[in-house]
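Biologist: I would like to learn how to read a structure like this one. Could we take it feature by feature?

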Amino acid sequence: MKARVAIRYRPGVLDPEARAIARALGSMGFAGVRGVARTRLLELELEARDRQEAEAQVRRMCERLLANPVIETYEISLME
Amino acid sequence: MRAGVVTFPGSNCDRDLRVAMEAVFGRPVEALWHADTELPRLDLIGLPGGFSYGDYLRCGAIAARAPIMAEVVRFARRGGHVLGICNGFQILTEAGLLPGALLRNLGLSFVCRTVPLDVVTAASPFTSAYPAGDRIALPVAHHDGNYMLSQEEVRRLEDEDRIAFRYVDNPNGSTADIAGVLGAGRNVLGMMPHPERACDPLTGGTDGVGLFRSLLEALG
């Protein structure tokens with residue numbers, strides 16, 4: 001089973017790298033870029049028996065290591 | 001007073017920290033290993049600067065979950081003193097011993113220079129040797145020193161006199177210009193500047209000595 005974890009900064013956390021990317025796009029002539037946000041994507045291959053167990057396990061991984069709750073949120077999606 | 005400094009894979013200021021401590025404490029400082037699950041009897045643990053685990057995932061994130069850190073956290077919660085410098089500060093926030101988080105510098109550059117700092121409080125075992133309000137100079141060398149803290153947390157730190165050092169000219173965007181912060185029990189300090197790099201006139205300054213003298217006074 002594959003799990004995808006998308007980790008994003010919480011609203012209100014300033015991401016100066018995303019801002020630098022937006023500025024670079026602007027200076028290259030791409031008009032109308034109102035904002036850029038970066039998402040970290042992790043793909044996990046799991047040996048879980050079922051979706052519920054897999055999701056619970058990945059949630060624990062997020063809570064304990066993959067995301068820092070002070071500054072990040074996470075979203076889990078599972079696929080066979 | 002017995003001190004030890006942890007080495008994680010990628011730590012590179014561990015030796016400098018041991019050398020600085022040994023010069024002031026006048027006795028050998030133990031080299032602790034990230035994979036150890038037991039600590040010797042100690043009064044002070046140092047978490048040094050560097051790039052533990054390559055800064056992978058988040059700075060200090062993996063180091064904070066290294067086997068030795070469960071013991072370090074237990075040690076701190078029992079009142080043991082912990083000094084986290086630079087990557088060590090990042091590790092302390094990731095381990096939940098200090099509030100907030102360290103992010104990429106606001107200006108996006110790696111900042112490497114000597115900066116003026118205000119010693120905001122002398123009421124701690126890390127800063128008692130400095131007069132309160134003293135201005136000192138310490139080197140900084142970091143890419144991810146932008147200390148993020150909610151306004152509510154800043155107010156709480158101010159009420160509890162837990163801001164240890166403030167930047168005079170903020171080099172990284174840190175909230176409220178905070179360069180160093182104390183934990184609730186005042187036995188844990190995290191700071192981005194490097195006091196261990198300012199303990200010898202040969203390396204350009206000695207304003208870091210006061211921090212280690214404070215600890216010697218407080219812990220014997």
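Biologist: How many salt bridges does the count come to over all chains?

Modeller: Keep in mind that this is a predicted model. The general idea is that side chains of opposite charge can pair when their charged atoms come close. Here the count over all chains comes to 17 salt bridges.

Biologist: Show me one in chain A. With which residue does D15(A) form a salt bridge?

Modeller: The partner of D15(A) is R38(A), and their closest N and O atoms are 3.0 Å apart. D15(A) lies in the loop between β1 and α1 of chain A, and R38(A) lies in the loop between α1 and β2, so the pair ties together parts that are 23 residues apart in sequence.

Biologist: Is D15(A) buried or exposed?

Modeller: Buried means under 20% relative accessible area. D15(A) has 12%, so it counts as buried. R38(A) has 33%, so it is partly exposed.

Biologist: Which residues are linked with D15(A) in a network of salt bridges?

Modeller: The network links D15(A) with E17(A), R38(A), R104(B) and D144(B). One pair in it, R104(B) and E17(A), meets through side chains at 3.5 Å, N to O.

Biologist: What about chain B: which residues does E160(B) pair with?

Modeller: E160(B) has a salt bridge with R156(B) at 3.1 Å, N to O. E160(B) also has one with R162(B), at 2.7 Å. The relative accessible area of R156(B) is 48%, so this residue is partly exposed. E160(B), at 33%, also counts as partly exposed. R162(B) is at 5% and therefore buried.

Biologist: Now the contact between the chains. How many residues does it take from chain A and from chain B?

Modeller: Chain A provides 17 residues and chain B provides 13 residues. Between them the two chains bury about 1200 Å², and 66% of this is on carbon and sulfur atoms. In chain A, the residues that lose the most area to chain B are P16(A), L65(A) and N68(A), which together make up 35% of what that side buries.

Biologist: How many salt bridges and how many residue pairs in polar contact are there between chain A and chain B?

Modeller: There are two salt bridges between the chains. For polar contact, the count is six residue pairs. On the side of chain A that touches chain B, the elements giving two or more residues are α1, β2 and α2 of chain A. Helix α1(A) gives the most, with four residues. Sorted by class, that side of chain A has eleven nonpolar, five charged and one polar residue.

Biologist: Which residues does L211(B) touch?

Modeller: Leaving out residues up to four places away in sequence, L211(B) touches L83(B), F126(B), Y130(B), F165(B), L189(B), M191(B) and P195(B).

Biologist: Let me try a single residue. Where is the place of T93(B)?

Modeller: T93(B) sits in helix α3 of chain B, which covers residues 87–94. Its relative accessibility is 9%, so T93(B) counts as buried. Apart from neighbours within four places in sequence, T93(B) is in contact with L98(B), P99(B), G100(B), A101(B), L102(B) and Y147(B).

Biologist: And in a loop: is A48(A) buried or exposed?

Modeller: A48(A), in the loop between β2 and α2 of chain A, has a relative accessible area of 16% and is therefore buried. Not counting residues up to four places away in sequence, A48(A) touches E53(A) and A54(A).

Biologist: What distance separates the C-alpha atoms of A48(A) and R8(A)?

Modeller: They are separated by 25 Å, and the two residues are 40 residues apart along the chain.

How values were computed
Residues are numbered from 1 along each chain as its sequence is written. Chains are lettered from A and ligands numbered from 1 in the order in which they are written. This is a predicted model: local features need pLDDT of at least 70, side-chain atom pairs count only at pLDDT 80 or more; totals for chains, interfaces and linings use all residues. Side-chain values use heavy atoms; hydrogens and water are left out. Contact means heavy atoms within 4.5 Å. Buried area is the accessible area (1.4 Å probe) that two parts lose on being put together, summed over both. A salt bridge is a side-chain nitrogen of Lys or Arg within 4 Å of a carboxyl oxygen of Asp or Glu. A polar contact is a pair of N or O atoms within 3.5 Å; within protein, one must be able to donate a hydrogen and the other to accept it, and residues adjacent in sequence count only if both atoms are side-chain atoms. Ala, Val, Leu, Ile, Met, Phe, Trp, Tyr, Cys and Pro count as nonpolar, Asp, Glu, Lys and Arg as charged, and the others, Gly among them, as polar. Buried means under 20% relative accessible area, exposed over 50%, partly exposed in between (1.4 Å probe, protein chains only).
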